[in-house]
Amino acid sequence: TVFTTDAGHATEVGTSFDSTAFDTMATVSGDGLLWELLQGVARRIDADDVLSSVRFAALPAGTGNGLAFSVAHTLHMAVHVHAAMHSSTRRVDLLAVRQWSAAAAAAATTTT
């Protein structure tokens with residue numbers, strides 16, 4: 001069990017946990033904590049292997065819990081815990097979106 005201590009701590013955990021020691025990583029919070037954990041995983045050299053071998057679960061304990069609801073169509077904690085414990089999985093896309101500044105966007109579209 002790891003209790004995060006501050007912003008960015010879950011990212012540190014994601015970059016360094018021993019993925020062979022866990023088959024499931026669950027966050028008990030809102031969507032942001034899982035997002036932060038996955039940011040760390042995405043920075044790993046073995047990110048593809050980790051994402052293929054470890055299940056990630058968002059147990060809803062935040063304000064909106066949009067991710068948890070969109071995956072399980074409910075916010076009942078027992079449903080999410082059961083799914084995490086009994087290998088009920090659903091793949092979701094992991095992607096990065098970068099927003100350029102107006103100057104960078106203008107420079108990228110300028111032809112010489």
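**Helix packing and the nonpolar core**

Student: What does M25 touch, leaving out residues up to four places away in sequence?

Tutor: M25 touches V13, F17, L37, V54, R55, F56 and A57. Contact here means heavy atoms within 4.5 Å. This is a predicted model, in which local features need pLDDT of at least 70 and side-chain atom pairs count only at pLDDT 80 or more, while totals for chains, interfaces and linings use all residues. Residues are numbered from 1 along each chain as its sequence is written, and side-chain values use heavy atoms, with hydrogens and water left out.

Student: Which residues make up the largest nonpolar core?

Tutor: That core has 12 residues: A10, V13, F17, M25, L33, L34, L37, L38, V41, V50, V54 and A58. A nonpolar core is a set of buried Ala, Val, Leu, Ile, Met, Phe, Trp, Tyr and Cys residues joined through side-chain atoms within 4.5 Å. Buried means under 20% relative accessible area, exposed over 50%, and partly exposed in between (1.4 Å probe, protein chains only).

Student: Which element gives the most to this core?

Tutor: α2, with five residues. The elements that give two or more are α1 and α2. Helices (H or I, at least four residues) and strands (E, at least two) are DSSP runs, numbered from the N terminus.

Student: At what angle do α1 and α2 pack?

Tutor: About 40 degrees, with the axes of α1 (residues 9–16) and α2 (residues 31–42) 6 Å apart. Axes are lines fitted to C-alpha atoms, for helices over the stretch in contact, and angles run from 0 to 180 degrees between N-to-C directions. The two helices are therefore oblique to each other; angles under 35 degrees count as roughly parallel, over 145 as roughly antiparallel, 65 to 115 as roughly perpendicular and the rest as oblique.

Student: And which residues meet there?

Tutor: From α1, H9, A10, T11, V13, G14 and T15; from α2, L33, E36, L37, Q39, G40 and V41.

Student: Is T11 buried or exposed?

Tutor: T11 is buried, with a relative accessible area of 11%. T11 lies in helix α1. Leaving aside neighbours within four places in sequence, T11 is in contact with E36, Q39, G40 and R43.

Student: Changing topic: how many helices and strands are in the chain?

Tutor: Six helices and two strands, running α-β-α-α-β-α-α-α from the N terminus on.

Student: What share of the chain is buried?

Tutor: Buried residues make up 28% of the 112 residues. Among contacts between residues at least 6 apart in sequence, 60% join residues at least 24 apart.
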